[in-house]
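Here's a quick briefing on aromatic side chains and how they pair up. Have a look at the model first, then read on.

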Amino acid sequence: MQSTSVPARREVTPLELFFDLVYVFAIGQLSHQLLAHPTWTGAAQTLVLYLAVYAAWAYTTWAVTLVPAEDPRTRRMLLTVMLLGLFMNAAIPRAFGDAGWVFVVTFLLIHLGRTVWLLGVGLDRRDQEHWCRVLVWFAAAAPFWLTGAAADGGARLVWWAVATLIELAGTWTAHPLPGRRLNSRQVDFAGGHLLERGRLFMIIAFGEAILTTGTALTTAPYEPMTLLTSSVALAGTVALFWLFFSRSEHIVHHYERTEDPIRAGRSGVYSLMASVAGMIAAAAGDERVIAHPAHHAGITTNLLLFGGPALFIGAQTWHGRTLFDDLPRARLVALSALVIGCAVTSTAPAYLAAVVAAAIVLTLAAVEERRPSGDSTAKPISPGRPRP
């Protein structure tokens with residue numbers, strides 16, 4: 001069997017961008033799911049569904065990083081996953097109702113089918129052995145997904161949460177089995193391609209945030225308060241966009257020269273997962289404020305308005321810390337300010353809470369704008385240092 005070794009940098013193909021369009025739909029579905037069920041149970045349901053959807057995207061993207069999209073076999077796999085993903089994502093609003101089986105069956109067909117496909121395309125020995133372990137972990141979680149689909153009400157959430165935790169544990173630990181573990185250093189891997197796919201996926205999340213704001217604007221009365229809340233929502237989204245992309249070239253350079261691109265890629269996948277979740281939450285909070293600007297913010301709206309950006313900034317801060325041993329003080333201050341702002345504005349009008357949340361993010365963006373790109377304590381973790 002021939003190795004599917006790939007170069008460090010590779011252009012993202014139109015088919016990969018086309019594939020991502022299914023997840024524009026998914027992110028919109030998840031945002032509306034959260035808005036339709038603004039409770040702790042609703043948030044937990046949305047989180048479980050989001051983690052499944054993100055896993056379907058992330059593992060497929062990783063597979064295409066190993067086997068380029070120019071390969072006809074990969075094109076067929078992507079189109080198949082895209083078709084199944086359309087039905088999976090369409091089932092999101094009713095996944096905890098009458099569409100549970102549709103969601104689970106399509107998800108498992110994507111997850112297990114793509115992994116089996118990957119094992120048959122001619123990976124090198126190290127990758128082949130690793131993806132065999134991945135399949136074992138996915139198979140271990142599958143009974144919990146199926147049992148949950150057969151259950152009703154809260155039991156379904158419990159079973160699916162257990163399945164999600166099994167898969168997250170496998171992903172976080174690189175799918176170990178007794179006596180067998182991934183040693184990713186010095187492995188040929190197109191980390192730059194994976195990074196670019198992640199950045200493009202983040203643009204999808206930002207696009208959904210803009211779409212959510214625009215949709216809320218079309219249904220709100222045209223008056224000064226609507227103009228204020230929509231402008232605040234857009235300003236906050238722009239600030240988060242800047243925080244994500246302003247120093248991304250620094251990360252690109254790290255991916256190009258690191259001796260462990262798989263470790264860097266895994267870190268990027270984790271941080272992207274949390275960042276997109278933060279964007280979904282923030283967009284849902286903005287829509288609630290635009291619809292009801294004078295209502296008391298309350299804990300639900302504030303957790304979305306402040307918790308979404310906090311999750312986004314926290315994930316990016318952790319990613320920088322992992323790659324460069326860099327922990328910017330300004331981001332720690334901003335995270336603290338978001339926590340305090342969430343607490344002190346819960347009884348304030350929703351528009352005021354939105355203004356405070358956006359002001360914190362905008363201030364952080366302004367502070368980092370003044371920080372010269374070369375004036376950083378960020379240094380790539382040296383090869384001889386212990387790695388997490």
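Is Tyr270 buried or exposed? With a relative accessibility of 12%, Tyr270 counts as buried, where buried means under 20% relative accessible area, exposed over 50% and partly exposed in between (1.4 Å probe, protein chains only). Keep in mind that this is a predicted model, where local features need pLDDT of at least 70, side-chain atom pairs count only at pLDDT 80 or more, and totals for chains, interfaces and linings use all residues. Residues are numbered from 1 along each chain as its sequence is written, and side-chain values use heavy atoms, with hydrogens and water left out.

**Aromatic pairs**
- Rings of Phe, Tyr and Trp (its six-membered ring) pair if their centres lie within 6.5 Å; planes under 30 degrees apart are stacked, over 60 edge-to-face, and the rest tilted.
- By this rule there are 23 aromatic pairs.

**Phe244 and Phe312**
- Their ring centres sit 6.2 Å apart with the planes at 50 degrees, so this pair is tilted.
- Phe244 is in helix α8 (residues 224-245) and Phe312 in helix α11 (residues 298-324), 68 residues apart; helices here are DSSP runs (H or I, at least four residues), numbered from the N terminus.
- Phe244 is buried at 11% relative accessibility, and Phe312 is buried at 1%.

**Tyr270 and Trp318**
- This aromatic pair is tilted too, at 6.3 Å centre to centre and 45 degrees between the planes.
- Tyr270 belongs to helix α10 (residues 261-291) and Trp318 to helix α11, so the pair ties together parts 48 residues apart in sequence.
- Trp318 counts as partly exposed, at 33% relative accessibility.

**A cluster**
- Phe19, Tyr23, Tyr50, Tyr54, Trp57 and Phe201 make up one aromatic cluster.

Notes. Helices (H or I, at least four residues) and strands (E, at least two) are DSSP runs, numbered from the N terminus.
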